[in-house]
Amino acid sequence: MRARIRDAKDSPKKTVSVFIPVFRESILLKPLLENLIKDPYPHKEIICIIDEPTQKSLETVEKFKSKVRFIVNGHRKGKVNALNEAYTFSTGEILLFLDGDCKLPDSPQSFLEKVVDEIRDVEILDIRKKTLRNSLIAKLTYYDYFCHSIGNHIFSKTIGRCLAFNGAAFAIKRYAFDMLGGFRRVLSEDSDLAIRSFLKGFKFKLSENVEVYTQVPPSLKEWYVQRRRWGIGAALWIREYYKTLAKIVVEHPKTLFSSMFAVAPSLTFLLLTTLMPTFSYENLIVLLLTIVAAKLSFLIPSVYVALITLLLLRNVLLLAMSFAIVIPLYWWASKKLNYTFNPIEFALYYFLLSPLWVLIIIISLIRIFLVKGTILKINLENLNWKI
């Protein structure tokens, strides 16, 4: 094992194995494959795994089969199983994972060359993600990815290890993936891999010059369905690793809390509201609504509207104050990390999307930790393709 690790580190020419998982089909798969094939980096292999392919996907397979290795599963094998299986056919010292709904930026430079350069001194590289801004919800979700990049930038610069990342685009060295045993069959396989890498002490960084664009749900309804799935995955992740997370809080409180507030800017408003004296009946209403939503998940949007209305009526001034506090900080961060920053879009994200996402996570935690038997009723077929 030690010899293998040394060889992987010292090899002058790194082969990159690119893994692209697809469920049924993706409208971005064809241009993604074309860009990777045209990429001038010479030492590469492209492996595309497709579960339950549609006719369109089969046509793509036929077109690129001479330059891309396809693994086509007629049944629903699941993302985690498919990727772990595909890994056994790869040879690269660097493993690059790209979701099928990713788009590479237009650039004269080699995308793969930049990945190899940036991962040189670390084991894991989180590639900066931006949304394809083709709808209002996509424009607002753009700031969600931006906030996550700030959080991982903080971890990268302060601890140099990774606690969690979005697995839509990231790279990891082969020996590190081997030592971690690949992906586990869990709902949030990316966060699970990240925290296990943290415990192993693997070095991590957020990319500085590498970025991808990703397709996000085009409507609020589809966004909500996705985030409900992510919320359950996050809650299960926290339930499994809460002791480890508590230890990290004790060891790195500044990094963890600054990252939390960076990832969820609406927490600033929630913190200010907790510092303001409240009436007991208001707390009772909030508690009852949250418990109801935990048991009847279809009421989450209604509960969200009710909670926001209650908070707005009491805390308009605090809301304005919290926004005035955070907006210059995020504007400065956008310049540092090369993200577009539109104050109006960010305001909509801050007041609407961010608190809704926080509420979904809180309710998911209540469901997983307190509501007995809830997880048994979750229809994984509708929630996720992964496991």
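This is a predicted model: local features need pLDDT of at least 70, side-chain atom pairs count only at pLDDT 80 or more; totals for chains, interfaces and linings use all residues.
User: Nice. What about H6 and H9, how do they pack?

Analyst: H6 and H9 pack at an angle of about 30°, and their axes are 11 Å apart. Since angles under 35 degrees count as roughly parallel, that label applies to H6 and H9. Their crossing is right-handed. From H6, the contact uses Ile137, Thr141, Asp144 and Tyr145, while H9 brings Leu220, Trp223, Arg227 and Trp230. Those residues divide into five nonpolar, one polar and two charged.

User: How are H6 and H10 oriented, parallel or antiparallel?

Analyst: The axes of H6 and helix H10 (residues 253–263) cross at roughly 165° and come within 7 Å. Angles over 145 degrees count as roughly antiparallel, so H6 and H10 get that description. H6 passes H10 in a right-handed crossing.

User: What sort of residues make the contact of H6 with H10?

Analyst: Cys147, His148 and Ile150 are among those in H6, and they are joined by residues of H10 including Thr255, Leu256 and Ser258. The contact of H6 with H10 divides into seven nonpolar, six polar and no charged residues.

User: Changing topic: how many salt bridges are there?

Analyst: The count comes to 17 salt bridges. As background, side chains of opposite charge can pair when their charged atoms come close.

User: Which residue does Lys157 pair with in a salt bridge?

Analyst: The side chain of Lys157 meets that of Glu208, at 3.7 Å from N to O. This pair links distant parts of the chain, with Lys157 in helix H6 (residues 136–158) and Glu208 in strand E8 (residues 204–214), 51 residues apart.

User: Are those two buried or exposed, Lys157 and Glu208?

Analyst: Lys157 is exposed, because its relative accessible area is 54% and the cut-off for exposed is over 50%. Glu208 has 47% relative accessibility, so it counts as partly exposed.

User: What about the salt bridge of Asp126, which side chain does it meet?

Analyst: Asp126 meets Lys129, at 2.6 Å from N to O. Both Asp126 and Lys129 are buried. Another salt bridge joins Arg120 and Asp117 at 2.8 Å, N to O. Asp117 is partly exposed, with 38% relative accessibility.

User: Which residues are linked in a network of salt bridges?

Analyst: That would be Arg184, Asp192, Arg196 and Glu240.

User: Tell me about Asp192. Where does it lie?

Analyst: Asp192 lies in helix H8. Its relative accessible area is 1%, so Asp192 counts as buried. Leaving aside neighbours within four places in sequence, Asp192 is in contact with Arg184, Val186, Trp237, Glu240 and Tyr241.

User: Ser188 next. What does it touch?

Analyst: Not counting residues up to four places away in sequence, Ser188 touches Gly233 and Ala234. Ser188 sits in the loop between helix H7 (174–180) and helix H8 (189–200). It is buried, with a relative accessible area of 13%.

User: Last one: where is the place of Tyr41?

Analyst: Tyr41 is in the loop between helix H2 (29–38) and strand E2 (44–51). With a relative accessible area of 7%, Tyr41 is buried. Tyr41 and Ser110 are 69 residues apart along the chain, yet their C-alpha atoms are separated by 6.3 Å. Beyond its neighbours within four places in sequence, Tyr41 has contacts that include Ser110, Lys14 and Val16.

Notes: Residues are numbered from 1 along each chain as its sequence is written. Side-chain values use heavy atoms; hydrogens and water are left out. Helices (H or I, at least four residues) and strands (E, at least two) are DSSP runs, numbered from the N terminus. Buried means under 20% relative accessible area, exposed over 50%, partly exposed in between (1.4 Å probe, protein chains only). Contact means heavy atoms within 4.5 Å. A salt bridge is a side-chain nitrogen of Lys or Arg within 4 Å of a carboxyl oxygen of Asp or Glu. Axes are lines fitted to C-alpha atoms, for helices over the stretch in contact, and angles run from 0 to 180 degrees between N-to-C directions. Angles under 35 degrees count as roughly parallel, over 145 as roughly antiparallel, 65 to 115 as roughly perpendicular and the rest as oblique. A crossing is left-handed if the near helix is turned anticlockwise from the far one by less than a right angle, and right-handed if clockwise. Ala, Val, Leu, Ile, Met, Phe, Trp, Tyr, Cys and Pro count as nonpolar, Asp, Glu, Lys and Arg as charged, and the others, Gly among them, as polar.
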